[in-house]
Structures are given as structure tokens and as C-alpha cells.
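Please work through the following exercises with the sequence and the model at hand.

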There are 4 protein chains.
Amino acid sequence: MKALFAAFSVCVLTLPAAAQDHRAIEFPDVEPYVTLVGDFHMHTIFSDGSVWPNIRVQEAVRDALDAIAVTEHLEYQPYRADIPHPDRNRSHQVATQSARNEDLIVINGSEITRELPPGHLNAIFLEDANALVAAPGEEALDPMDVFREARRQDAFVFWNHPNWVAQSPSGVAVLTDMHHTLIGEGLLSGIEIANEQTYSDEAFQIALDHNLTLLGTSDIHGLVDWEFDVPGGGHRPVTLVFAAERSADGIKEALVARRTVVWFRNTLIGRPEHLMPLLEASIQVAAAEYWSNSSVLRVSLANTSDASLILRNMSAYTLHESANLVTLPPHGVIDINVKTLESPAMITLSFEVLSALIAPGTHPSIRLEVYSTQ
Amino acid sequence: MKALFAAFSVCVLTLPAAAQDHRAIEFPDVEPYVTLVGDFHMHTIFSDGSVWPNIRVQEAVRDALDAIAVTEHLEYQPYRADIPHPDRNRSHQVATQSARNEDLIVINGSEITRELPPGHLNAIFLEDANALVAAPGEEALDPMDVFREARRQDAFVFWNHPNWVAQSPSGVAVLTDMHHTLIGEGLLSGIEIANEQTYSDEAFQIALDHNLTLLGTSDIHGLVDWEFDVPGGGHRPVTLVFAAERSADGIKEALVARRTVVWFRNTLIGRPEHLMPLLEASIQVAAAEYWSNSSVLRVSLANTSDASLILRNMSAYTLHESANLVTLPPHGVIDINVKTLESPAMITLSFEVLSALIAPGTHPSIRLEVYSTQ
Amino acid sequence: MKALFAAFSVCVLTLPAAAQDHRAIEFPDVEPYVTLVGDFHMHTIFSDGSVWPNIRVQEAVRDALDAIAVTEHLEYQPYRADIPHPDRNRSHQVATQSARNEDLIVINGSEITRELPPGHLNAIFLEDANALVAAPGEEALDPMDVFREARRQDAFVFWNHPNWVAQSPSGVAVLTDMHHTLIGEGLLSGIEIANEQTYSDEAFQIALDHNLTLLGTSDIHGLVDWEFDVPGGGHRPVTLVFAAERSADGIKEALVARRTVVWFRNTLIGRPEHLMPLLEASIQVAAAEYWSNSSVLRVSLANTSDASLILRNMSAYTLHESANLVTLPPHGVIDINVKTLESPAMITLSFEVLSALIAPGTHPSIRLEVYSTQ
Amino acid sequence: MKALFAAFSVCVLTLPAAAQDHRAIEFPDVEPYVTLVGDFHMHTIFSDGSVWPNIRVQEAVRDALDAIAVTEHLEYQPYRADIPHPDRNRSHQVATQSARNEDLIVINGSEITRELPPGHLNAIFLEDANALVAAPGEEALDPMDVFREARRQDAFVFWNHPNWVAQSPSGVAVLTDMHHTLIGEGLLSGIEIANEQTYSDEAFQIALDHNLTLLGTSDIHGLVDWEFDVPGGGHRPVTLVFAAERSADGIKEALVARRTVVWFRNTLIGRPEHLMPLLEASIQVAAAEYWSNSSVLRVSLANTSDASLILRNMSAYTLHESANLVTLPPHGVIDINVKTLESPAMITLSFEVLSALIAPGTHPSIRLEVYSTQ
């Protein structure tokens with residue numbers, strides 16, 4: 001205990017420096033699962049992105065992602081005059097080759113790119129993307145046929161940026177009849193609640209109402225470092241996946257089972273059954289000692305996650321060195337000092353986690369049982 | 001070619017950044033008052049502090065304070081063997097002399113330093129501190145007589161760190177009979193709710209219940225830069241005073257009238273009648289334009305204060321690029337994008353200000369009327 | 001004078017913040033020329049780079065470059081299976097289109113990519129790159145014919161990375177007979193002395209011996225931000241061009257006339273006739289006043305360039321607050337205090353500029369006449 | 001999955017960064033000596049400084065100094081009205097008490113404060129400072145008698161700021177007859193070549209000509225953090241002492257034997273016999289491998305000191321990735337790439353160390369034998 005606590009202390013001291021140098025996105029595992037960090041929506045020059053797939057791989061390696069899917073538009077190929085490659089699996093092949101020496105899972109995926117409805121949807125874990133699009137010169141496939149083909153390939157399909165103002169001028173996500181049908185037939189399983197720079201409360205509510213998997217993606221076309229100000233401390237939106245194993249199969253099983261949390265602009269968004277264990281794994285009581293001659297208990301809280309956790313004190317106790325807001329810095333440790341009045345050996349603290357959401361506008365609350373070590 | 005023009009651009013562009021680096025504590029005025037920044041509790045080698053008064057003046061100048069009081073312990077003089085000066089106004093005289101070329105108001109004050117009750121209390125705007133303490137070798141004055149003398153001198157008296165664990169082992173501020181008497185006789189007018197590294201919800205409630213002026217002070221004995229990590233972005237606790245004029249008299253009148261807000265660890269704490277106007281003066285709608293072909297309204301919010309303002313969206317509208325928390329950086333501008341649905345010419349936004357308190361555990365809410373300029 | 005000095009003071013205060021935020025590469029003009037910042041060697045997915053040309057344009061805009069050339073390999077097209085476009089002007093066309101709303105000069109160029117000799121050479125200001133390479137399936141052109149065609153198009157040709165270990169395992173640049181012939185026939189006019197992460201004293205000497213234009217280029221294939229650690233304060237190698245006008249023609253005339261200075265890892269490298277005026281334009285005496293009752297002269301030196309200038313004092317005078325090294329930060333002002341002994345109204349200071357080179361291993365010296373204003 | 005491992009990695013990876021942020025002044029030992037960091041000139045409120053001695057102790061602890069002397073003016077006591085303590089050892093007693101729980105050697109010393117000649121001189125390792133000054137009301141002692149008393153107490157005496165413009169308006173240090181006499185009689189053993197913000201070439205030359213110990217001191221009156229911009233990366237001037245043991249006696253023996261190097265504004269200044277071993281201990285060849293298929297040798301150089309070492313390449317070889325200047329950051333490692341031509345198993349590198357001085361205007365050169373490990 002002593003040694004572990006000391007290790008944390010070192011970390012705290014070095015955190016300001018780390019914040020500048022360190023972009024790896026790291027969250028603790030949640031028993032019995034491993035926590036994998038994925039970004040399942042991005043583009044390269046094989047549709048309308050600005051980079052060769054190797055840059056997407058290198059960005060992912062720098063961000064310490066576990067998995068990516070390079071999801072080119074099937075029906076939108078603005079660079080076709082220069083890049084006429086007819087194989088829609090080509091971007092995935094190049095990305096896979098680029099990642100051959102990296103510890104990164106590359107998943108085959110494509111973006112079905114239609115007018116609303118159905119709008120844009122990603123199908124990932126595809127066997128052959130070509131089967132989802134008409135051959136050049138042929139008539140476009142019926143969208144329902146495309147989704148059935150995706151289903152046939154056992155792909156995982158989610159609706160992209162349902163709040164996109166180009167398709168929904170109000171920015172509000174609304175399910176259409178076609179989406180209801182897709183969901184009803186098991187052809188649509190997930191929805192982006194965070195995409196690039198946007199988040200949608202309405203999409204989150206749709207996911208909860210219709211039992212869809214929550215996704216957050218970068219949808220990056222340019223450079224991750226620029227779009228999300230990585231040197232300044234920003235991060236891309238990612239989907240945290242709680243998987244039985246670190247593999248493509250593990251990710252797919254977890255996505256189907258809806259075991260995800262989205263991390264968008266430092267906010268953790270998920271269903272309580274996934275978000276609460278993540279918060280519990282992220283917040284550790286590192287030490288708890290009473291001040292001498294006082295009933296004030298100094299509690300050291302360690303944050304093992306990459307998120308800055310903003311907590312509002314909801315305990316029966318007030319704090320001695322803070323008002324009711326406490327911020328746990330990423331991979332840092334802070335002390336809070338609790339006025340216990342009676343100096344019990346154990347106290348229960350409770351906090352509303354303001355930087356997390358379990359439903360639109362609703363923050364989760366956590367409880368910590370703290371045993372004094374003195 | 002671009003260089004000369006750019007040289008000027010550098011200056012302009014970096015001013016906001018410089019404002020962040022800079023330690024000056026700056027809050028906007030609140031009509032019809034000027035907002036003055038004061039720290040009315042600190043020590044030098046004339047009682048148990050570690051510096052000559054000129055350092056307190058220089059710290060205040062670096063922090064851009066408007067006013068300080070150097071409040072030595074009347075009854076606690078650990079360095080007396082080395083510094084036997086009998087005049088209890090001496091520290092104030094030296095500080096005043098040190099500040100003669102500075103734009104800083106130096107107020108004469110002393111800390112009445114007794115066992116609880118009454119504990120430690122500051123009397124500021126004193127004419128002669130010597131009258132509040134027995135001459136060496138004589139019997140200690142009765143505390144009630146001391147407060148009556150302070151009253152006679154028309155001093156302003158406030159209770160220091162009522163949550164101090166050395167006097168209140170629970171860290172909980174509790175009014176004693178003597179305090180009730182002092183308040184009842186008009187001999188005690190204020191209370192520290194923030195002192196050095198501590199804040200007290202209970203002291204805040206006492207202030208509200210008994211109509212006492214709210215104070216936040218550094219109570220600095222060592223160095224402000226070290227104690228409050230100023231190079232790392234920290235700040236000392238201060239009392240914001242809303243005064244009719246920038247003068248000692250102006251401050252005194254405002255303190256008596258209870259027109260203060262406390263700033264402690266980036267939290268603004270005050271009565272609604274003083275805190276709300278400060279928030280309104282601090283948050284400005286700089287621009288508001290609808291996105292083209294969309295009912296999303298981009299609203300630029302400027303923060304003219306030194307506090308980082310953490311807002312929770314309570315509006316009838318959801319946001320397009322944030323979940324419900326928005327942080328306005330000090331002296332910065334951010335855009336929020338509001339999904340208005342109907343594109344009205346005016347909308348009303350409302351936010352809970354999580355980094356402010358109007359009562360223990362109670363955050364204020366602000367409303368902003370936003371008129372689109374397009 | 002007063003106003004100008006005040007402007008500088010502001011800059012100084014804001015420099016630390018600027019250093020983090022600001023990547024624009026800015027050097028002062030050198031009468032009668034404008035100082036243009038160019039990078040004439042880079043790659044995109046149209047040969048073996050990793051980005052679409054728009055990223056090269058955006059990197060250049062962020063770096064505030066005046067001019068770029070996107071110089072694809074003519075004979076090396078590893079992505080040809082995916083990007084079979086036969087027109088070797090295509091990358092330039094796309095870059096030009098990407099830059100249509102930017103204040104950036106885009107120059108048509110290509111990299112002639114041969115075994116050594118002649119190795120790799122860039123031809124810029126081409127009319128038609130296709131004329132420099134055999135059609136697919138045809139026999140490669142004789143290199144001399146290629147250079148003659150470049151000459152016919154009035155292109156400017158320079159030798160790339162003559163120190164490249166893949167062609168020169170020692171890393172030492174050596175002129176071959178073919179290079180002598182090219183130079184003799186006026187077919188080769190310039191040489192890279194700095195390329196990506198390397199610099200070559202030997203190439204610099206060759207340039208001086210054979211009257212070649214000095215060039216420094218990024219030769220970027222990946223991302224400028226990553227390769228040169230731009231967020232950490234690094235910069236790409238660039239060629240500063242002293243041009244009669246800010247235009248493609250102006251740049252070409254200046255390159256032909258050899259009016260360039262290379263900036264590589266904060267070192268300025270050039271012929272004395274170009275480097276000395278740049279240093280003189282960069283270093284300004286902003287103020288000079290004697291200390292009261294002393295013969296010590298406080299001289300404020302302003303650096304209007306983007307280079308950190310490391311100066312070694314070679315004056316007849318010693319300094320009061322420095323040993324013999326003084327560093328002028330980019331776009332900053334520092335004071336040096338000169339022990340003049342006799343308090344003359346004018347003194348001459350001389351410095352060796354250690355962060356500049358006028359020949360391999362040879363630093364320039366500058367002289368400053370300083371008139372006291374008091 | 002990666003998170004737990006990464007948590008430990010963070011600590012490791014950020015230690016070098018932390019070392020930069022950290023203000024501890026650290027230099028390697030030089031066999032057979034330990035390298036101790038001392039500051040033997042500073043003031044508190046017991047003469048004309050602005051702090052109680054405990055602040056001097058805390059500043060020293062934060063700077064990781066090994067030894068300090070609190071050297072009050074004997075003849076200048078501007079705060080005497082407030083601090084009439086007659087014992088001139090009092091400041092030392094208080095400092096010693098403040099340091100009782102710190103690993104800091106506190107040496108008794110005083111500043112003999114006279115008109116020039118002899119000017120101001122520090123006597124350290126005093127037994128009783130009172131013997132060096134006349135009792136109040138008595139006639140001032142003859143300076144020669146003061147120095148003889150210091151000698152009698154076996155004190156170490158050095159001349160302070162001989163370049164002080166208040167005593168030498170030109171800022172030039174000049175030995176007077178009295179100084180010659182003092183040196184001749186063995187009453188004066190050292191000289192400050194760096195004091196607070198100033199450095200003196202002339203003082204350095206006097207030390208070399210007259211065999212005096214070199215000293216650099218802060219002479220701090222205010223706060224070290226402010227005067228030397230410690231948060232911004234600055235450091236106070238210190239004297240590095242090469243001692244046979246870490247003790248007051250060890251320091252005294254080393255000072256008498258002149259085994260010192262001064263560190264002033266990142267410049268190391270000393271006699272070759274002390275400075276060269278320090279540089280050799282500070283610069284380590286951490287690795288050396290030839291590039292594949294090349295005669296370029298990658299040499300990793302580690303800097304174990306707190307000084308940023310600016311090296312000018314004077315080797316028979318040119319470098320592949322730098323011009324002739326190379327900077328070794330404090331506690332950092334950099335690679336240089338040497339064009340060896342013949343790929344020998346061993347090469348000798350030589351560098352002029354521009355950030356070090358062995359005589360006024362003269363930089364030392366170091367030689368490194370590098371054995372390739374491949």
C-alpha cells in the first residue's frame with residue numbers, strides 16, 4: 001500500500017509535463033472485460049479524406065487506440081478521377097498493410113452514403129464492401145438490399161451523425177420510418193451520439209429508447225492533431241468497448257452486446273450498467289487518514305483514467321478544503337478533506353459526476369466507502 | 001514581406017494568452033460600483049509571518065490587488081525576542097511606506113488572537129491598534145472591552161477561520177454565546193468563509209443566518225507564490241468588494257453594507273444580490289448568428305472575469321457541439337451552438353453556474369437573452 | 001521612437017505565450033527586397049507522400065510560407081496501382097486548386113529521380129512535367145536530355161540531398177563528372193544544403209565553389225507537424241528568398257540570382273552578401289541609456305526574426321550582466337549592459353553570430369553602432 | 001487493457017520532463033570529490049533583506065542546495081529600529097534552527113560592509129561575528145584589524161561584487177593597494193565573479209592572476225523565485241564546490257584549495273583543472289552505432305548536469321544532422337550523427353563548450369573517445 005501510494009505521488013508531480021507530452025488515450029479495465037479504445041469512422045483519400053491510410057494508422061498508434069475502421073464512402077468518391085480503384089476493400093487493405101508492425105486492430109468497414117432516409121450509416125466487420133454498392137454505371141442498389149447484404153456478411157451497422165445539419169437542418173436527430181424498419185429487422189444496431197465536433201442528446205435518447213449501441217467517432221477527414229487540438233490537450237471522440245478479449249471478434253461481440261461508453265470532449269457518456277463500473281474502476285481511494293487531533297479525514301483519490309473527472313459532493317459530509325466541486329485530474333491524485341464530525345472508521349462519500357452522463361442531462365452518482373487507515 | 005505586419009499581429013494575437021499567464025486578479029465592475037479586490041488578513045515578521053511587509057506589498061502589486069491589510073496578531077508575537085517593537089501599528093506603518101509608490105490601498109488592521117470563544121478576529125480600519133491590547137506586563141484585556149474599543153475606533157470586525165481545527169477539532173464553524181452577543185451588539189460584522197486553503201459551508205450559512213459580511217482571505221504567513229501555486233495558475237483567496245469609490249472609505253462602506261463576493265479556488269461565493277450582477281457583468285454575448293441553412297444558432301460568449309466559469313445548460317434548447325457542461329475560460333471567448341428548432345430572432349438561455357455558490361451547496365442560475373444578428 | 005519601443009516591450013512580455021501558439025515563420029524584409037519564405041521540395045500521394053496536396057497547402061498556410069512547390073518523383077510512383085493518373089502536372093494542379101483562396105504561391109515542379117549520377121534533382125517553374133519523363137512502357141529518357149528539356153522550359157534545377165546515405169553511404173556530398181557538366185552547361189543552378197533532418201557542410205562548400213544557389217527544404221513525405229515537432233517549437237527547413245516582388249517570377253529571378261539564405265534547425269546559412277543584410281535587418285537597437293552615475297550603457301536589442309540568435313561578444317567592451325554569450329529570442333527584446341569605461345555618446349559593438357554560418361564552420365560577425373539617448 | 005501498464009509508463013516517460021520542470025540544481029560528482037552546490041551570500045531582515053531566515057532555508061531546500069551562509073551586513077542595519085538584536089550571530093542561529101529538519105549545511109558568515117577600499121567582503125565559517133564589528137556607540141574597527149580577526153577565527157574571506165557600480169562606477173573590478181595587501185597577507189582568499197544579476201570578466205582575471213577562489217552567489221535580498229525567474233526556468237548563481245566530504249569542513253577545505261566552479265545564467269565558469277573534470281563527468285557517451293550500410297555513426301550523448309551545454313563541433317568530422325552547434329539539454333540525451341568516412345571502431349570527437357569559460361572570453365574544449373558498439 002505504501003509503495004503503491006508513493007507511485008501515485010510521483011505521477012501527480014509529473015502530470016503537468018505529461019499533459020503536454022502524452023496523448024495516449026488510456027482507461028482502466030472493467031472486470032471481467034478489457035477496456036478497448038476504438039474509432040470506427042474515418043476517411044482517407046480512398047473516399048474524401050486527405051491522407052493515405054498509413055497516416056490514419058500512425059494517428060491511432062500515437063493515440064494508443066486498440067482498434068480502428070477506415071470507413072470510406074461507398075457512394076461518394078470525389079477523387080475518383082485520380083483514384084479509380086474499383087475495389088471498395090482497398091482502403092482497408094492498405095491500412096492493414098500499414099499496421100502490420102503495430103499493435104492495432106484494423107477492421108474492414110464502409111460508409112453507406114445515402115440521402116436521408118436512411119442517411120449515412122457505417123457497416124463494419126464487412127467481408128466484402130463491394131457487395132454493398134452497385135458496379136460503376138449500374139443503377140444504385142435499393143438501400144434495404146444493402147443493409148440485408150451487410151446483415152448477410154454479419155456486419156455491425158450504425159447510423160452516423162443523425163444530427164448532421166446537412167441532412168437535418170435543425171441539428172436534431174429524428175428516427176424515420178425506414179430507421180424503425182431497420183431496427184425492427186435487426187439491420188441497424190448502433191448510433192453515433194458523438195461525431196467529430198458534435199454531440200446529440202436526441203441521438204442518445206433514441207439509443208436508450210431503441211436499445212441501440214452508443215458510438216462516438218472522429219469521422220476525421222483531415223488531421224486528427226489539427227481537428228481536435230491534440231497538442232493543446234484535446235482528444236478525438238472515441239468509443240470505449242468492454243470486450244471479453246482484445247481482438248476483432250471481442251470488439252464485435254461487445255458492440256453487439258452494447259457494452260460501450262463514449263468519450264467526447266472529456267465527457268463520458270453511457271448506460272449506467274457500463275458507465276458506473278468504468279467510473280468505479282477509474283476512481284480509487286489511495287489512502288485515508290485522520291488529521292491529528294481532529295475529526296477531519298484526509299482522503300486521497302486517484303484517477304486512473306484519461307478523463308478529467310468533475311465531481312459534485314453529495315455526501316452527508318462537507319469538505320474542509322473545497323466547496324462542493326472537486327476535479328480529479330487525469331492519471332492524477334488529489335486529497336479531499338472530509339469533516340466527519342464523529343471520526344468513524346468508515347464513511348460513505350457520494351458524488352455526482354458532472355463530466356459524465358447516463359441519460360440526456362442526467363449525471364451519474366457514485367458512492368465510495370472509505371476506511372481510515374489510522 | 002509578411003514579417004513586419006506579423007510583428008504587430010503577434011502582439012495582438014497573444015494578448016489573450018498573456019492574460020492567462022498573468023497573475024493579475026481582474027473582475028469587471030458592477031454598476032454602480034467599482035469591483036475592488038482585497039485581501040484583509042496576512043502576517044509579516046511583526047507577528048508570526050516570514051517576510052518584511054514590503055514583500056506583502058509586492059505580492060499584492062503582482063496580484064493587482066486594490067487593497068490589503070497587514071493584520072498582525074496582537075497577543076501572539078513569537079519573534080518578540082528579536083523584534084520587540086511595542087507599537088502595534090508598526091507593521092502597518094512599514095507596509096504603508098513600502099507602498100508609497102504603488103497604487104495600493106493599505107488599511108490598518110490587527111488580529112485579536114484569543115482562545116475560543118471568541119477565537120481569532122480581525123479588526124480593520126483601526127486608528128490605533130495599541131488600544132486593543134494590554135501593555136507588556138499588564139493583565140490581558142477583557143475581550144468584550146477589546147471589541148468595544150474597536151467599535152469606538154469605528155473598525156470593521158470579522159471572525160477569522162471559524163472552521164480552524166486547532167480551535168474547532170471537527171473543522172465545523174459554530175457560533176458561541178459570545179459570538180451571538182457580539183453580533184447582537186453590532187461588534188462583529190463579518191466572517192471568513194474562506195481562509196488560506198480552507199472553505200466552510202457552515203461559516204457561509206452562519207453569515208446568511210446572521211447577516212454577516214462574507215470574507216475570503218489568504219492569511220498568508222509564508223509566500224503567496226508557494227502557498228497558492230501562483231506559477232501553476234493558482235490564486236489566493238480574495239474578497240471582491242463592490243464599492244462606491246476606490247478608496248479606503250469606499251471599501252469600509254461596502255464591507256459594512258455586506259457588498260462582497262469571495263473568490264476561493266476558482267469558486268465565486270456570495271449572496272445572490274451581489275453574485276448575480278457580477279456574473280452578469282462577467283458573461284457577455286459577443287455575437288449570435290444562425291448557421292446558413294440551419295436553425296442552429298452560434299452564440300459567442302465572452303468571459304471578462306478571472307474565474308473559469310463552469311456552466312450547466314438548463315435552457316429549453318440542447319447544444320450541438322457540447323453535452324450540457326460548458327466552460328468559459330478566464331478572459332476568453334467560446335462559441336456554443338444552440339439547436340433552436342424554430343430559428344427565432346431571440347432566445348433565452350439559462351445556465352446553472354457550477355463554479356459559483358449562493359448558499360451552501362446551491363449554485364446560481366443565470367439567464368441570457370440572445371438576439372441573433374443575422 | 002518612443003512608440004516603437006513600447007510596442008516592442010509588449011511583444012517581449014507576450015513571447016512565452018506566443019512561442020506555444022504561433023508557428024508562422026517570419027523574417028524581416030531586406031531592402032530593396034522582400035523576404036519570402038519558400039519550401040520547394042515536398043511530396044504527396046501523387047508520388048510517395050502520405051497526404052493529398054491540400055494538406056501540403058494547409059501546412060504551408062499554418063507556417064505562413066509565401067511559396068511551395070509540390071515536387072513529385074517523376075520515376076518513382078509506388079502508389080501507381082491506386083493512382084494511375086498519367087499527367088505529371090496533376091499534383092500541382094490539385095495543390096493550386098486547394099490554394100485558390102489562400103495567399104500562397106504554388107509553383108509547378110517535379111523531382112527527377114535517378115541513380116547517382118545524377119541522383120535526385122528538382123526542376124521547379126516547369127511548364128509541363130510530362131516532357132521530363134518517358135511515357136509508360138517507353139524507355140527511360142537520357143538524363144542529359146531531361147535537363148535540357150527543363151532548360152528549354154526555363155525551369156530552375158537544383159540537386160537534392162547530395163548527402164543522402166542511400167546514394168552516398170558516407171553522407172558526404174561529392175560532385176560527379178555529370179554534375180560538373182550540368183553546372184558547366186548551366187543546367188544545374190542550385191543545391192540543397194539542408195534537407196529534412198540533414199545538413200551538409202560539404203554541399204555548402206560545393207555551392208560556394210561552384211556558384212550554386214543555396215536551398216533548404218523539408219522534403220516532407222509524412223506530416224510537417226510530426227517530422228519537425230512543430231508543437232514543441234520546431235520548424236521545417238526553409239529557403240528565405242530575397243525577391244524584387246512577391247510573385248512566382250520574383251522568386252525565380254531571385255533563385256537564379258542566388259539571393260537565398262537557408263534556415264535549418266534555427267541556424268541561418270548563407271553567403272555573406274545575403275546573410276549579413278538579413279542579420280542587420282533582424283537585429284535592431286531599440287534603446288540605449290547610461291545607468292545613472294555609471295559608465296554602464298543599457299542597450300536594448302530587438303530581434304525581428306523568427307530565429308533565436310546566439311551572439312558571442314567580440315566588442316572592445318565587456319558586459320555587466322552576461323558572460324560573452326547573449327541569446328536574442330525570436331521576436332523578443334533583451335537588454336545588454338555594456339561597460340564603456342569612458343561613457344562615449346557612441347560605441348561600436350561587435351558579435352559573432354554563432355547561430356549563423358557564412359561558410360562551413362565559419363560564423364559571421366556583425367557590428368552595431370549604438371548611440372546613447374541620454 | 002493498455003491502461004494499467006500505461007499508468008506506470010507515464011511515470012517513467014515523464015521523469016525527464018519532470019526533471020526539467022523541477023528546480024533542483026544537480027551536477028554530477030567529480031572523482032574523488034563530491035560536487036556540492038553552495039550559495040554563500042544572502043540577506044534576511046537581520047540586515048537589509050526582506051525575509052525571515054526560514055525563507056532562505058526553504059528556498060535553498062527547493063533549489064536542492066547543499067550549503068548556504070546567511071551573511072548579514074555587519075555595518076549596515078537599516079531595520080535596527082525594529083530589530084535591535086545586538087548579536088551578529090543571531091541570523092545564523094535562526095537559520096540553523098529553521099534548517100534543523102533539513103539536509104542543508106548552514107554556515108556562519110557575515111558581510112564586512114565598508115567603503116571601497118576594501119568594499120564589501122564576506123567572511124564565512126566564523127566562530128563569532130560580533131568580534132568583527134565595533135559595539136554600538138564605539139568607533140568603527142580598522143578594517144585590517146577586522147580581517148585579522150577573521151583570520152584568527154580561521155574564516156574564509158572573499159571580495160563581494162568587485163564590479164558593483166555603486167563603488168566602481170565603471171562596473172570594472174580593480175584591485176586596490178589594500179586588496180593587494182590583504183591577498184599578500186593571506187587575509188583575502190576568494191572573489192565573486194558572479195553576483196546576483198552580474199558577471200565580471202575582470203574579476204575572473206583577477207582571480208586567475210592572484211590565485212583566488214572563484215565564487216558565484218545570489219546576494220539575494222528579496223525572493224529567489226522572483227529575482228531569478230525560477231518558475232520560468234532561471235536559476236540563482238551558485239558555487240559548485242568539489243569537496244572530499246559533504247560537510248562544513250569539507251566545503252571549507254575545498255574553498256581554501258580553490259576547487260570551485262561558478263554557475264551563472266547557465267554558464268559554467270572555472271579553472272580548467274576543475275571545470276574540465278566537471279564537463280567530463282557531465283557528458284556521457286550513452287551509445288554509438290553505425291547506420292546500416294553507411295559510415296555515419298550515431299552517437300548518443302547524455303548530459304547528467306543541470307546546465308544546458310552548447311557545443312561547437314571542432315572534430316575532424318562533420319555532422320549529418322546538425323551544423324556545427326549542438327545543444328545538450330539538462331538531464332537529457334541527444335543523438336549526433338558523425339560522418340566518419342572510414343567507419344573506424346573508434347573516433348575522437350572534440351567540441352568547444354560555448355556555455356563554459358576557463359578564462360575571460362576563452363571557452364574550454366573537450367575530447368570524447370567514442371567506440372562503436374556495432
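Predicted model: local features only at pLDDT ≥ 70, side-chain atom pairs only at ≥ 80, totals over all residues.

Residues are numbered from 1 along each chain as its sequence is written, chains are lettered from A in the order in which they are written, and side-chain values use heavy atoms, without hydrogens and water.

**Exercise 1.** Determine which residues of helix 5 (residues 177-184) of chain B are buried.

Solution. Helices are DSSP runs of H or I with at least four residues, and strands are runs of E with at least two, numbered from the N terminus. Buried means under 20% relative accessible area, exposed over 50% and partly exposed in between (1.4 Å probe, protein chains only). The buried residues are B:His179, B:Leu182 and B:Ile183. They lie on the same side of helix 5 of chain B, because they cover an arc of only 95° around the axis, the arc being that of the directions from the helix axis to the C-beta atoms. On the other side, B:Asp177 and B:Gly184 are exposed.

**Exercise 2.** Characterise the interface between chain B and chain A by its contacts and salt bridges.

Solution. With contact defined as heavy atoms within 4.5 Å, 37 residues of chain B touch 37 residues of chain A. Between the chains there are 4 salt bridges, each a side-chain nitrogen of Lys or Arg within 4 Å of a carboxyl oxygen of Asp or Glu. One salt bridge joins A:Arg312 and B:Glu352 (3.3 Å, N to O).
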